[in-house]
Amino acid sequence: MNTIGKQVRLGLNGDEAVAYAAYHADVDVISAYPITPQTIIVERLSEFVYNGELDAEFIAVESEHSALSAAVGASLAGARTFTATASQGLALMYEILYIASSLRTSIVMALGNRAFSAPINIHCSHDDAYAARDAGWIQFFAENVQEAYDLTLIAFKVSEDKKVLFPSIVNLDGFILTHSVEPLTIFEDKKEIKEFLPDREAVNKIDPSNPITYGPLALPDYYMEIKKQQAEAFNSTPARIKEVFSEYEEFSGRSYSPLKKLYVDDADIVFVVLGSTAGTMRTMVKKWRKNGEKVGVLSLTLYRPFPSREVAEALKDVDTIVVMDRSYSFGSPGGQLYMDVAAALNKYGRYNRLINAIYGLGGRDFTPEMAEDMLHATKDPSIREIWVGVRG
Amino acid sequence: MSRIRRLNEIPREELFTSGHSLCAGCGIPPMVKMALKAIDGDKVVVNATCCLEVATTLYPHTSWLVPWVHNAFENAAATASGIESAMKVLLRKRDGKKYKIIVFGGDGGTFDIGLQSLSGALERGHNFLYVCYDNEAYMNTGIQRSGGTPLGAATTTSPAGRVIPGKPENKKNLMDIVIAHRVPYAATINPAYPTDMWNKFAKASEFLDKNEGPIFFHYYSPCPVGWRMDTSLSIEAARLAVQTRLWPVYEVDHGKIVINIRVNKPKPIEEYLKIQGRFRHLLKPENKEVVERLKRYIESNWNRLLKLAELGSIY
């Protein structure tokens with residue numbers, strides 16, 4: 001395929017790939033606080049800035065709360081703005097997540113997915129991504145290091161688009177992607193990406209010649225209309241996201257879509273999954289297919305806005321759907337992704353058999369044996385929830 | 001903007017318009033109006049969640065004729081850090097404009113919940129002016145005690161109870177905390193001394209022009225509702241606060257402390273206490289010890305300041 005930007009092949013871990021993407025995006029302001037497993041991202045970006053390779057302001061804030069607060073200010077002031085965090089850091093940002101979306105900022109955040117305390121744990125769960133799900137941020141999930149790089153560039157283009165103007169999170173599984181070196185293709189230099197991602201042209205930015213009141217008080221007489229408008233705007237973003245996916249494919253040769261399907265169309269059993277485990281499941285499903293099992297995998301690159309129609313369309317005729325959650329929603333009818341899939345199917349009049357598989361919490365390895373356990377569970381009609389790979 | 005000697009030298013053009021819902025006698029509007037006039041050129045205001053924020057931006061109305069940003073309660077200094085950083089990089093890289101950044105926060109948003117983000121921003125040295133308007137309690141939520149509430153004051157969370165007569169602790173010394181960051185310029189300002197206040201804003205404006213931030217102002221902001229006094233007494237209370245040596249008016253210019261309003265013959269603190277309902281219980285004989293504690297606090301604070309002012313520089 002003829003692509004536009006000049007690219008090189010090299011080996012990077014997920015954090016470095018994200019840092020390169022922010023560097024290639026020629027980001028203006030980075031506002032971040034160190035937290036494992038995203039720290040390498042901000043370390044690399046600091047090197048780019050301190051070595052004069054990237055002309056940006058690096059605000060080494062005193063907390064994640066301030067990281068996002070400063071990012072809101074920077075984005076409103078018209079800067080291309082980046083931050084990165086994980087787990088507890090995302091939890092500390094929580095208050096400002098909603099404000100960043102509601103003020104229609106264009107911040108891009110990399111989230112090195114990590115479990116919430118307690119007990120404290122630095123490894124992968126999707127607790128943090130799920131915690132941000134209702135806040136009005138577009139969320140992408142990377143399956144590998146290549147996707148972490150590509151989706152970060154895509155996120156800038158999407159979030160800054162005048163038809164979008166919502167912040168984005170790029171999720172990458174803690175350690176599994178953040179710290180694993182994989183081969184990938186990146187643009188040779190930031191100038192190679194300028195055509196896809198020109199300098200930000202901010203609308204309604206802070207400008208003394210056009211004084212705007214950002215973040216006023218709105219009481220019951222207006223608040224609900226403002227939220228309805230925000231909802232309509234947010235729910236309309238997938239159309240533009242898909243266009244950006246196409247533009248990026250033209251530019252890079254790499255293709256993206258809101259969801260990825262393998263053998264879903266004729267499957268009796270489909271596994272729905274987010275993040276790096278999609279690759280493991282694809283390997284397993286290919287193996288099971290050879291044994292005659294009619295199985296498939298559906299993974300989501302776009303998690304928010306949730307592609308409800310596409311998910312329901314893909315799964316509507318599947319007998320058994322195993323929804324895999326790398327988190328637990330205490331007291332809920334099921335895991336967070338499980339509830340999304342169930343609600344999406346219900347919305348389009350489908351009531352398939354759903355099994356919720358809780359896996360990989362706090363970085364517990366997800367092994368082929370655990371995948372076999374899930375497949376085995378589908379054979380028992382009484383099973384609706386399983387914790388895979390757990391003792392006792 | 002140039003220094004003034006008389007109030008009639010202040011320009012009439014307002015950037016903070018009428019129609020807001022701040023209370024009669026509130027100390028905030030005269031300070032904000034003055035700040036927006038004395039800080040010349042293009043400017044942007046960042047506002048913490050507080051009385052000023054809710055009373056001036058009730059959607060779809062606004063009192064602000066300058067760009068105004070409200071993010072949340074505890075993060076005004078961090079928000080200003082982001083704006084200032086964006087301004088700097090966009091001036092270098094693209095078609096950015098230069099403007100001065102003024103932050104307003106109350107005592108709750110500055111002494112308490114916003115202290116960390118303020119400290120971070122001061123340490124990083126962003127070029128902005130932070131004004132803490134201190135009405136000595138969480139007035140926006142209904143008069144709860146803050147770290148800025150003085151000893152003995154009755155608030156809704158430190159009431160004048162039968163056992164505990166008002167707030168048992170002294171006020172936190174915010175200026176000391178700020179000065180510990182070695183900011184280029186910090187000052188206390190008071191509405192009873194408007195020319196001093198104007199001239200300090202004018203000086204701040206010059207420092208901001210020279211990228212010599214951060215600058216911090218601690219403003220005495222009378223609150224007739226929270227202090228339970230007549231709305232006509234705001235300026236009287238502000239003047240008595242200075243004349244009793246409770247609220248020294250001073251500045252720290254690159255480490256040099258200058259007491260701007262000398263108080264050679266201080267008035268008795270009782271004169272200040274008796275006009276405010278929040279302190280009235282202290283004048284009962286059984287609360288004499290609280291007043292004595294307050295007097296000792298005032299004296300040690302004032303003497304310490306005099307000694308610091310004698311030093312060439314405290315930095």
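**Note on the interface of chains A and B**

1. Across the interface of chain B and chain A there are eight salt bridges by the rule used (a side-chain nitrogen of Lys or Arg within 4 Å of a carboxyl oxygen of Asp or Glu). One salt bridge joins the side chains of Asp55(A) and Arg92(B), at 2.8 Å from N to O.

2. The model is predicted: local features need pLDDT of at least 70 and side-chain atom pairs count only at pLDDT 80 or more, while totals for chains, interfaces and linings use all residues. Residues are numbered from 1 along each chain as its sequence is written, chains are lettered from A in the order in which they are written, and side-chain values use heavy atoms, with hydrogens and water left out.

3. In contact terms (heavy atoms within 4.5 Å), 42 residues of chain B meet 46 residues of chain A. The buried area between the two chains is about 3,400 Å², with 58% of it from carbon and sulfur atoms; this is the accessible area (1.4 Å probe) that two parts lose on being put together, summed over both. Of the area that chain B buries against chain A, Tyr59(B), Lys93(B) and Arg94(B) supply 19%, more than any other three residues.

4. Between chain B and chain A, 21 residue pairs are in polar contact, both residues being at pLDDT 80 or more. A polar contact is a pair of N or O atoms within 3.5 Å; within protein, one must be able to donate a hydrogen and the other to accept it, and residues adjacent in sequence count only if both atoms are side-chain atoms. On the side of chain B that touches chain A, the largest share, 12 residues, comes from H3(B). That side divides into 18 nonpolar, 13 polar and 11 charged residues (nonpolar: Ala, Val, Leu, Ile, Met, Phe, Trp, Tyr, Cys and Pro; charged: Asp, Glu, Lys and Arg; polar: the others, Gly among them).

5. Strand S9 (residues 213-214) of chain A pairs with S2(B) in the parallel sense over two bridges; pairing requires at least two DSSP bridges. Trp68(B) in S2(B) is the bridge partner of Thr213(A). Helices (H or I, at least four residues) and strands (E, at least two) are DSSP runs, numbered from the N terminus.

6. Arg240(A), in helix H8 (residues 237-252) of chain A, counts as buried because its relative accessibility is 11%, buried meaning under 20% relative accessible area (1.4 Å probe, protein chains only). Its side chain makes a polar contact with that of Asp161(A) at 2.5 Å.

7. Asn199(B) is in helix H7 (residues 194-209) of chain B. A polar atom of the Asn199(B) side chain lies 2.8 Å from the backbone nitrogen of Ile4(B).

Conventions:
Buried < 20%, exposed > 50% of the residue type's maximum accessible area, 1.4 Å probe, protein only.
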